[in-house]
Amino acid sequence: MKNKWLAAPYVVWMAIFVVAPLILVVVFAFTGQDGSVTLDNFSNMGTYVPAFWHSFGLAIAATLICILIGYPLAYFLSREKLMVRKVAMMLIMLPMWMNFLLRTYAWMSILDDNGLINQFLSSIGFFNVWNAIFGTNIQFFHMINTQGAIVLGMVYNFLPFMVLPIFSVIDKIDPKVIEAAQDLGASSSMVFRKVIFPLSLPGVLSGVTMVFIPSVSTFALSRLLGGGKTLLLGDLIEMQFLGNAYNPHLGSAIALVMMVIVLVMMAIMNRFGEGEEGVAVL
Amino acid sequence: MKKSLALLTTSALSLSLVLAGCGGDATGEAKDPGTADKGVVNVYNWGVYIDESVLEDFEAETGIKVNYDTFESNESMYGVLKNDGASYDVVIPSDYMISRMIEEDMLEPLNFDNIPNFADIDPALKNPDYDPENQYSVPYMWGLLGVIYNTSMVDETPTSWDIMFDEDYAGQILMFNNSRDAIGVALKQLGYSYNTTDEAQIKEAVDLLIQQKPLVQSYVMDEIFEKMQSGSAAIGAYYYGDYLTMAEVNPDLAFCLPEEGTNLYVDAMCIPKSAENKENAEIFINYMCSTAAGLKNCEEIWYSSPLLSVREELDPEVSGDPYAYPDESILANCESFKNLPAETLALYDSEWTRLMLASN
Amino acid sequence: MKNHRIPSRVFTILVYLFLYAPIVLLIVFSFNATKSNRVWGGFSLDWYVELFHNSRLLGALRTTIILSVLAAFIATLLGTAAAIGFYSMRRRARTICLSVNNIPLTNADIITGVSMMLLFVFAIGVFNDSFLSDLLGVRWRTGFGTLLIAHITFNAPYVILSVMPKLRQLDPNVYEAAQDLGASGLYAFRKVILPEIMPGVLNGLIIAFTMSIDDFVISYFTKGSGVTTLAVEIYTAVKKPVTPEINALSTLMFIFVFVLLLTVNIRQARQETASARRKAKLNPGQ
């Protein structure tokens, strides 16, 4: 069954629909609206530093929170019975079947100043107690239209991509390795630190990639949860292609710079460990 | 795994077949084969800007299938049309955008022989500044811009744009999420013209907007409906017709026409150069100018109709509404957007980005 | 030992609450008598009735399902063939191919989206200005075709990544043995290779289908005029006054998939537990 020609159609497909589009992005980034070769698109990049700053900052925060929540969750689940594990993993994937914009939209009604959380808190008289203790005069917690809400949206949407790879790596650890460590006298915390954690690192690394990249390039989230007050890279790029300021050349340049920064970050990170080329499995 | 897959795909396929059946019925094609297959018309309109049953009426009457898409600002519509790939047969931009598209040769002249209902258009709206010889456009709706506020949250009775910049309402103000309208609000607040090309004035306006940014709850377009209706926000600048729609849901809302002057706009139907169904497009435009369609739309979105017959048919309370059908004294204080020179447009883009990037 | 588990169980339950709170909210409010997503106005099925009169939403759903099924199947064919091809390649060629294959996976969706949009716009411009367009009398436009190409492009890598490991596990001698016994190449492939890699192929197909259904960003940039998918339609809709029909539709889809996956997973887990027990009985040493 040595037939490498079977790959030919897909190789052609990739050349046309994967490689050529990226070349076009580079071409657009280095040309102006009139078609001449120029570096103008890059010389103004300084203006957009705040967007880079916000995007990378919020995405890093979201990724860290995803690790903090996702790792323990994956670890706890891996110790459950087979049936529980199966169902739990299915339940992690299931929210993907409800459109992410819609779920994000639901967060708006939860977090709003007169949303469900605040309605609930005020119905149990929470704010009276709060105001009495802290001497404040608040009627609600302001949560929506903040950068915190954007981070929440990222964590919410991309958490499954952190849990799945970590879980599948921990799940594959041979129980004999753990038993061996225990037989050699390791305490359970030592087993975790010396055996499980190092072995699970590849899962963490691919989880980080799978959370960070969509977070840093997200668009619409800022609009929905951040009130459109924090311009993120995704929004900035969208603005140049289909939004308020039509300039695909500038958009391509910004996309290119973002791509290069992300690639460099990923390369640095992967030097600390072998990133596993794993896919989320249903 | 195999079985789950078989289940998944067969059920997906059967579901799509069922839906295929539904869709056919809904457009009326199945019922009347005589009018079927008259082609399609691709329409690109503002969001929340039509009574969608009008589209069904149109399909039933003409047998032409309508593909209806919406945009949320003139600028985003312009971006989509600039991409060669998309093809719309009817677009409904505002005045200043129409004149920009005429200048850039993006519009097709209309054949008015196919649009007899044009006769019903208010003569005052014919041969407008944005299309002086009235070759390219047929008015769809028009109206005034103003400040919508919630009387249960705002104690005073605002009379000017000041309220949009009032620190007492920090976190409760909604601002436009598009450059021309947002900068326009600031220009009027400063007493300048909407159509100034003076770089210093435009920058001053954006500086004002940057000062205002910490007070702004969010930058919105049609999200304003939900936020004003539910009482999430107290103040927002939007269109009078939409105010009437919102007030149906939340009677606490009120409207103010700022004394510094405001925007009078006309949105008109045009056919882009890239249109592929020009005849259907003209049939569609003509249909939208019929009294029945105009009346239905008007009673759904409450914008001011350019059709004389519609105005007669409307409830006198509506047609007598001074803000819906304003008289000379109000109109004298209004200004329309005009297309700006290329340098100014570029300045708007970069200044808008500056505002969006400013810290909260 | 059991007591140790209580904090971890509480934590797990809290995370699942976080994941499902908005979903529960949408499902509950799809039965709301009023249009609001915040205030409960009594139980009603109105939005489910409305949904079946909303030809626009149903049209978008239909497009999405047809698109996802087509894209998943084509990507699976293309990807499985490619995986076998890659497997047969020399090491260096395979590494290059796999790295290119990884691009759509690791690249941000928005970059995949805008880059394909640039390609489509460029190709369409060239085609429509060429004599071919006049000769054939057609003008090419973005629409379902470009959408399908984009979906196949981002689906195929998932298929390849789920088929490759199965190929690596293959014993190359089995195929040769089959041929030695007189099976033709195709027959041997069908009878020996295919059953072995089938779980990977099916897994790839399901992932591809899920990715297609869920995709918003790439569709948004490549859809063009006159066609819309559910995700794009929802994006337009969430910026407008609430349309509870969308809640109703999502509830139906969600429950459909939930029941399907739950039955399949439980049955599978039962089978695996049973076979593990059987194995344990057969090999008490392990």
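1. Let me start with chain A, whose elements run α-α-α-α-α-α-α-α-α-α-α-α-α from the N terminus on. That makes 13 helices and 0 strands, where helices (H or I, at least four residues) and strands (E, at least two) are DSSP runs, numbered from the N terminus. Before going further: this is a predicted model, in which local features need pLDDT of at least 70, side-chain atom pairs count only at pLDDT 80 or more, and totals for chains, interfaces and linings use all residues. Residues are numbered from 1 along each chain as its sequence is written, and chains are lettered from A and ligands numbered from 1 in the order in which they are written.

2. Taken along the principal axes, the C-alpha atoms of chain A fill a box of roughly 70 × 70 × 30 Å. Of the 282 residues in chain A, 48% are buried (20 or more other C-beta atoms within 10 Å of the residue's own, with C-beta atoms placed from the backbone). Among contacts in chain A between residues at least 6 apart in sequence, 74% join residues at least 24 apart; a contact here means that the C-beta atoms, placed from the backbone, lie within 7 Å.

3. Next, the interface of chains A and C. Chain A puts 68 residues into this contact and chain C 76 residues. On the chain A side, the elements giving two or more residues are α1 (8–29), α3 (49–78), α4 (82–93), α5 (100–111), α10 (188–216), α12 (233–241) and α13 (248–271). The largest share, 15 residues, comes from α1(A). By class, the chain A side has 55 nonpolar, 8 polar and 5 charged residues. For these classes, Ala, Val, Leu, Ile, Met, Phe, Trp, Tyr, Cys and Pro count as nonpolar, Asp, Glu, Lys and Arg as charged, and the others, Gly among them, as polar.

4. Within chain C, have a look at helix α3 (residues 55–88) and helix α9 (residues 185–214): their axes come within 8 Å and cross at roughly 145 degrees. Axes are lines fitted to C-alpha atoms, for helices over the stretch in contact, and angles run from 0 to 180 degrees between N-to-C directions. The residues that α3(C) brings to the contact include C:A71, C:A72, C:A75 and C:G79, while C:G204, C:L205 and C:A208 are among those from α9(C). The contact divides into 10 nonpolar, 7 polar and no charged residues.

5. Chain B is divided into domain 1 (10–141 + 266–321) and domain 2 (143–263 + 331–357), with bounds from an automatic or database domain assignment. Their C-alpha centres lie 27 Å apart. Where they meet, 18 residues of domain 1 are in contact with 14 residues of domain 2. On the domain 1 side, α3 (74–82) and α4 (95–103) of chain B each give two or more residues, and α4(B) gives the most, with 5 residues. The domain 1 side divides into 6 nonpolar, 6 polar and 6 charged residues.

6. Helix α6 (residues 199–212) and helix α14 (residues 342–357) pack at an angle of about 20 degrees, with their axes 10 Å apart. α6(B) and α14(B) are therefore roughly parallel to each other (angles under 35 degrees count as such). Their contact has 6 nonpolar, no polar and 4 charged residues, the residues including B:K203 of α6(B) and B:E351 of α14(B). Finally, helix α9 (residues 278–288) of chain B is mostly covered, with 8 of its 11 residues buried, among them B:F284 and B:E282.

Technical notes
Contact = placed C-beta atoms within 7 Å. Parallel < 35°, antiparallel > 145°, perpendicular 65-115°, else oblique. Buried ≥ 20, exposed ≤ 12 C-beta atoms within 10 Å, placed from the backbone.
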